[in-house]
Each structure stands twice: as C-alpha cells, then as structure tokens.
Amino acid sequence: MSNKKATQGPSPAQLPGGFFFCVHMIACHDITFRYPGTETALFDGLDMMIGTPGFHALFGPSGVGKTSLARIISGDIKEYEGRVKTFGDKPCLYTYNRERLPGWSPVGRHLEKTTPTGRHPLKDELIDHFGLSELMGMRYSQLSMGQCNRVNLMRYLLQDFSLLIMDESLANVDEPTRQTILYKIKSTFPEAGFLYISHNVVEVSQFCDQIVVCRGALKSPQIRQICGQDHREEQSLDKTALERTMLEIMNAA
C-alpha cells in the first residue's frame, strides 16, 4: 500500500493564474484500506467530499470504519491507497473519547499551561459554557468520564485548527449539556470545519450540515451523504423536517 499522508489544499487566493476552483473542506478520492493481516478491505475505492466549513458528521453502525476514516483524514493512519486533502492553512486535529489526560494535574493549572497566548479570554468563556467552573481545582483523576471529555474537547478548541475531528468527544455527557456545547461551538467557530462522530441519530440530524453515513465496503455505495438540519440556537426547530432527516439517515445506514 502507498504511504500517502493527508495534505492541505490551497486556499482559492493561492491558486496560480488567478483561477478559482471548487475547493472542498475534505476530499477523499479512491481510498482503499485494510488492517494488516486481514484480507477484507474496510474501504474499497471510497470517494467522499464535504464542500464547506461547518459542523458535519460521520454516522453509521459499529465496525463500518468511522474512526478509521477519521484517522485517515487526520493523517494518523498513513498506510492506505488513494488521496486525501483537507482545506485550510491550519492543522487538522483529532480528539477522541477516553483520551489520556494527566491524572495528577489540577484541571485549571493544566489549561493555563496548554492555552495558547491570546486565547485565555476564550478559555474562560468556554469554561463557563461547558459547565466546568467548579472543576478547575480538581485533578483529572477525580473527574467523571463525561467531565474529562468536556475538558479534553475544550483543550482542542483552544488550539489553532482548520478542521477538528470529534470522535465520540461528548460521550457520557448529559443531553442538555451536549446541546449547550454544540450550540456554542457552532456560534464561536463559524469559519472552522468540524467532523463529528456520533451514534446519536437525533443529534447528528439536528446539529449537523452534511452527514456522511458509512455503510461498509460490502455495500454499494459505501457511503451516502444526507443533508442535516444544521440547527442554530436562535432558530426555531422544524420537528417534522428533523424526523424526515432521521428517517433518511436510518434508511441510508
């Protein structure tokens, strides 16, 4: 297999000759991947494109390759055939559920050290919206899994990125808090790209713009793309349209 790392595409202003092309936030072309020692491909010539920044999703049952595709896009998996490009001049970051955190460190001290210069006002704002104010003096080892996931996601949001992949990053977080966090992310980072991996069909239908439904290499097509509601906090929610989107996703899966 080839060793082709995900590369960042140029912005339209950087294209030579003054021409403007259709640039996708994520473009995967002819991706073939199998785990070492296995004969069956997880992906076989997969094509997938997400056109614009925004809040998007990978959805599908366990075992169809959501995490593997996310890690190929982020560059964590390099041994695959095909091409991957991500748009933007900033890094693509990948954060996942149960990521290891320094158990001995007080949360507030760790965030103080890892927050880039100039981002401390944003840090304080996110601490408030994520419901973390009372945890700043506690060690990571004292936190619940949901609390750890919230703090860890916030660490990534404070970094510089064009695309952030969130792999079950809000697992073990109660629904009202998840909604508050997702609305805050969408309003605070309108120019960034997000790829959200979740098994919650209601959540991806309501919050996400483009939803990539992974179906596995044995199905044709291997993916289907569904338009979500991309709901914002200030908007009224069309429950009938939401139900249609949920049904479309479940039928696609």
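Author: A nonpolar core is a set of buried Ala, Val, Leu, Ile, Met, Phe, Trp, Tyr and Cys residues joined through side-chain atoms within 4.5 Å. The model discussed here is predicted.

Reader: Which residues have the most contacts inside the largest nonpolar core?

Author: Those residues are L153, L157, L164, I185 and F194, in a core of 45 residues. Helix α4 gives the most to this core, with six residues. Another core lies apart from it, with 28 residues, among them L42, L46, L58 and V84.

Reader: What is L164 in contact with, leaving aside its neighbours within four places in sequence?

Author: Contact requires heavy atoms within 4.5 Å. By that criterion, the partners of L164 include L153, Y156, L157 and F194, as well as L93, Y94 and T95.

Reader: Why are the buried residues of α2 said to line one face of the helix?

Author: In α2, which spans residues 107-114, the buried residues are V107, G108, H110 and L111. Seen down the helix axis, they fall within an arc of 165 degrees, and therefore they line one face. These buried residues pack against α3 (120-129) and α4 (145-157).

Reader: What makes β6 and β10 edge strands?

Author: The open sheet has the order β6-β7-β8-β4-β9-β10, with mixed pairing. Strands β6 (92-96) and β10 (223-227) each pair on one side only, and are its edge strands.

Reader: How do you know that β7 and β8 pair?

Author: Two strands pair if DSSP finds at least two bridges between them. Strands β7 (residues 163-167) and β8 (residues 193-197) have five bridges, in the parallel sense, and so meet that criterion. The bridge partner of D167 in β8 is I197. Helix α4 packs on the sheet, touching β6, β7 and β8.

Note on methods
Residues are numbered from 1 along each chain as its sequence is written. This is a predicted model: local features need pLDDT of at least 70, side-chain atom pairs count only at pLDDT 80 or more; totals for chains, interfaces and linings use all residues. Side-chain values use heavy atoms; hydrogens and water are left out. Buried means under 20% relative accessible area, exposed over 50%, partly exposed in between (1.4 Å probe, protein chains only). Helices (H or I, at least four residues) and strands (E, at least two) are DSSP runs, numbered from the N terminus. The arc is that of the directions from the helix axis to the C-beta atoms. Axes are lines fitted to C-alpha atoms, for helices over the stretch in contact, and angles run from 0 to 180 degrees between N-to-C directions.
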